Protein chains: 2
Amino acid sequence: MDNELAELLGKYKLSKTEPRLKVLSILRSRESAISQPELENLIGGEIDRVTLYRTLTKFDEKGIIHKVLDLNGTANYALCNSSCSEDTHNDEHVHFNCTTCLNMYCLEALQIPHLVMPVNFVPHNVNFIVYGVCEKCTLKANKYIESKNKT
Amino acid sequence: MDNELAELLGKYKLSKTEPRLKVLSILRSRESAISQPELENLIGGEIDRVTLYRTLTKFDEKGIIHKVLDLNGTANYALCNSSCSEDTHNDEHVHFNCTTCLNMYCLEALQIPHLVMPVNFVPHNVNFIVYGVCEKCTLKANKYIESKNKT
DNA sequence: TTAAAAATTGCAACATAGTTGCAATTTACT
DNA sequence: AGTAAATTGCAACTATGTTGCAATTTTTAA
Ligand SMILES: [Mn+2]
Ligand SMILES: [Mn+2]
Ligand SMILES: [Zn+2]
Ligand SMILES: [Zn+2]
């Protein structure tokens with residue numbers, strides 16, 4: 001068991017359980033967000049679907065992770081690396097959803113621009129998603145085109 | 001049968017059928033977007049669920065309507081009032097999803113700001129959703145507070 | 001106007017994401 | 001160690017969306 005992750009759970013006053021540590025370790029190992037179905041593929045044999053849902057929901061509430069819906073409306077999750085808490089989420093960055101590999105990227109460098117709402121429309125939080133082709137898939141496609149041109 | 005709507009279908013080279021006219025007339029009558037489930041409640045007795053899905057998908061492809069996912073990941077649809085076509089959608093406006101009444105509003109006055117993507121991330125389209133409390137629900141809440149203060 | 005071709009519909013069955021209640025187990029607390 | 005509190009796993013369920021196919025409707029063209 002990973003001590004660093006156990007401490008993270010402690011910091012948020014959550015009991016240290018196997019499912020939670022497992023989920024955290026997977027989330028930490030990824031550079032892009034991950035969906036419940038993907039997680040289920042990875043650890044579905046060891047951990048119940050429902051536990052997965054409840055774990056992710058709790059993490060989201062506590063501000064350990066944040067949730068983004070992909071182009072199919074499926075929930076994807078990524079660790080909050082900024083300092084988020086139960087009260088305030090600091091995840092106002094743009095997300096990039098690749099239409100080829102379906103990966104969801106947190107573009108932490110891109111802050112969501114602030115907009116003035118119409119009168120009496122009171123905003124709580126915002127969501128900026130860009131759909132397109134990600135770096136990996138773009139480079140893969142470029143390589144393919146190059147190889148075709150050579151022949 | 002509404003002639004204006006029949007003409008709209010003609011313009012997009014779609015055959016004039018009852019389900020399509022019905023869906024269009026509902027969409028036209030609304031000031032905010034509507035979800036498939038809501039539509040099903042309204043006309044589920046007359047039109048099959050599957051037909052509804054296929055109608056909405058086709059309209060979306062043709063550029064008659066556009067689709068926005070709400071906070072539950074459910075698809076909502078609204079008429080495109082800008083001139084959209086199969087090739088180019090001109091719906092780059094902000095959407096507002098009320099967390100109280102769940103209504104999805106097209107804020108056509110608010111254009112989505114343009115952002116520069118990281119190298120090799122190729123954007124195709126963008127999605128800017130603001131979650132919060134809409135005009136109607138805000139005013140309702142204000143009235144309630146006023147009435148409490150009077151007593 | 002009528003007949004054939006093409007498109008659309010309705011039905012049944014299925015797929016996937018997510019939820020709820022409850023008893024059994026695990027974790028935290030003293 | 002013993003108890004209270006939290007979490008887990010199971011079963012059953014709900015909701016949104018999809019697919020194949022035969023029957024019906026709409027379009028096209030004679
Ligand atoms: Mn993110
Ligand atoms: Mn809109
Ligand atoms: Zn990709
Ligand atoms: Zn509202």
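Colleague: Which residues does A:Cys137 touch, not counting residues up to four places away in sequence?
Modeller: This is a predicted model, in which local features need pLDDT of at least 70, side-chain atom pairs count only at pLDDT 80 or more, and totals for chains, interfaces and linings use all residues. Residues are numbered from 1 along each chain as its sequence is written, chains are lettered from A and ligands numbered from 1 in the order in which they are written, and side-chain values use heavy atoms, leaving out hydrogens and water. Contact means heavy atoms within 4.5 Å. With residues up to four places away in sequence set aside, the partners of A:Cys137 are A:Cys98, A:Thr100 and A:Cys101.

Colleague: In which element does A:Cys137 have its place, and is A:Cys137 buried or exposed?
Modeller: A:Cys137 has its place in helix H5 of chain A; helices (H or I, at least four residues) and strands (E, at least two) are DSSP runs numbered from the N terminus. Buried means under 20% relative accessible area, exposed over 50% and partly exposed in between, with a 1.4 Å probe and protein chains only. At a relative accessible area of 11%, A:Cys137 therefore counts as buried.

Colleague: Where is A:Cys134 found, and which residues does A:Cys134 touch?
Modeller: A:Cys134 is found in the loop between strand S6 (122–133) and helix H5 (135–150) of chain A. Its relative accessible area is 0%, so A:Cys134 is buried. Leaving out residues up to four places away in sequence, A:Cys134 touches A:Phe96, A:Cys98, A:Cys101, A:Tyr105, B:Asn120 and B:Phe121.

Colleague: Where does UniProt place the feature "binding site", and what is the largest C-alpha distance in that group?
Modeller: The UniProt record, an unreviewed entry, places this feature at A:Cys98, A:Cys101, A:Cys134 and A:Cys137. UniProt positions are given in the numbering used here, feature names are shortened, and annotations may be inferred rather than shown by experiment. The four positions are spread over 40 residues of sequence but cluster in space, the largest C-alpha distance being 8.2 Å.

Colleague: What pattern does chain A follow along the sequence?
Modeller: Chain A has five helices and six strands. Of its 151 residues, 42% count as buried. Read along the sequence, the pattern of chain A is α-α-β-α-α-β-β-β-β-β-α.

Colleague: How do the residues of the contact of H2(A) with H3(A) divide by class?
Modeller: H2(A) contributes A:Lys22, A:Val23 and A:Ile26, and H3(A) contributes A:Leu39, A:Leu42 and A:Ile43. Ala, Val, Leu, Ile, Met, Phe, Trp, Tyr, Cys and Pro count as nonpolar, Asp, Glu, Lys and Arg as charged, and the others, Gly among them, as polar. The division is five nonpolar, no polar and one charged.

Colleague: What does A:Leu42 touch, not counting residues up to four places away in sequence?
Modeller: A:Leu42 lies in helix H3 of chain A. With residues up to four places away in sequence excluded, A:Leu42 touches A:Ile26 and A:Ile34.

Colleague: Is the crossing of H2(B) and H4(B) left-handed or right-handed?
Modeller: H2(B) and helix H4 (residues 49–62) of chain B pack at about 70 degrees, with axes 10 Å apart. That makes H2(B) roughly perpendicular to H4(B). A crossing is left-handed if the near helix is turned anticlockwise from the far one by less than a right angle, and right-handed if clockwise. The crossing of H2(B) and H4(B) is right-handed.

Colleague: How far apart in space are A:Lys140 and A:Glu18?
Modeller: A:Lys140 is found in helix H5 of chain A, and at 59% relative accessibility it counts as exposed. A:Lys140 and A:Glu18 are 122 residues apart in sequence, and their C-alpha to C-alpha separation is 37 Å.

Technical notes: Axes fitted to C-alpha atoms, helices over the stretch in contact; angles between N-to-C directions. Parallel < 35°, antiparallel > 145°, perpendicular 65-115°, else oblique.
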